[in-house]
Amino acid sequence: MVQARGWVTDEEIETFMNAGYTKQQVLEVILGIAVKVIHNYTNHIAQTPLDKEFKHYTWSKPTM
């Protein structure tokens with residue numbers, strides 16, 4: 001969903017649903033992605049410090 005920027009095919013949705021998921025759960029995936037994006041953008045703008053317990057997971061841009 002994220003890599004396709006929301007442009008998933010009918011076949012991909014069918015595969016998801018054939019795995020036992022429902023249409024409601026398709027929407028829940030979209031909601032989860034949306035909440036994560038809002039969370040990330042807000043923290044970037046607010047420059048929220050990372051909790052000390054997660055410091056070792058700090059991402060940094062790869063150098064070329």
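This report describes the helix packing, a surface patch and selected backbone features of a predicted model.

## Helix arrangement

Two packed helices are described by the angle between their axes and the distance between the axes. Here, helix 1 spans residues 10–18, and its axis comes within 10 Å of that of helix 2, the two crossing at roughly 115 degrees. Angles from 65 to 115 degrees count as roughly perpendicular, and helix 1 and helix 2 are therefore assigned to that class. The crossing of helix 1 past helix 2 is right-handed.

A nonpolar patch on the surface is formed by Met 1, Val 2, Leu 27, Val 29 and Ile 30, which together have about 420 Å² of accessible area. One of these residues, Val 29, belongs to helix 2, which covers residues 23–46.

Glu 28 and Phe 54 are 26 residues apart along the chain, and their C-alpha atoms are separated by 26 Å.

## Residues with positive phi

Arg 5, although not a glycine, has a positive phi of about 55 degrees. Arg 5 is located in the segment before helix 1 and is exposed, at 75% relative accessibility.

Gln 47 is likewise not a glycine, and its phi is positive, at about 50 degrees. Gln 47 lies in the segment after helix 2. With a relative accessible area of 65%, Gln 47 is exposed.

Terms used. Residues are numbered from 1 along each chain as its sequence is written. This is a predicted model: local features need pLDDT of at least 70, side-chain atom pairs count only at pLDDT 80 or more; totals for chains, interfaces and linings use all residues. Side-chain values use heavy atoms; hydrogens and water are left out. Patches are made of residues with over 30% relative accessible area and no salt bridge: like charges are joined within 9 Å, nonpolar side chains (Val, Leu, Ile, Met, Phe, Trp, Tyr) within 5 Å. Accessible areas come from the Shrake-Rupley method with a 1.4 Å probe; for residues, only the protein chains shown count as cover. A salt bridge is a side-chain nitrogen of Lys or Arg within 4 Å of a carboxyl oxygen of Asp or Glu. Helices (H or I, at least four residues) and strands (E, at least two) are DSSP runs, numbered from the N terminus. Axes are lines fitted to C-alpha atoms, for helices over the stretch in contact, and angles run from 0 to 180 degrees between N-to-C directions. Angles under 35 degrees count as roughly parallel, over 145 as roughly antiparallel, 65 to 115 as roughly perpendicular and the rest as oblique. A crossing is left-handed if the near helix is turned anticlockwise from the far one by less than a right angle, and right-handed if clockwise. Buried means under 20% relative accessible area, exposed over 50%, partly exposed in between (1.4 Å probe, protein chains only).
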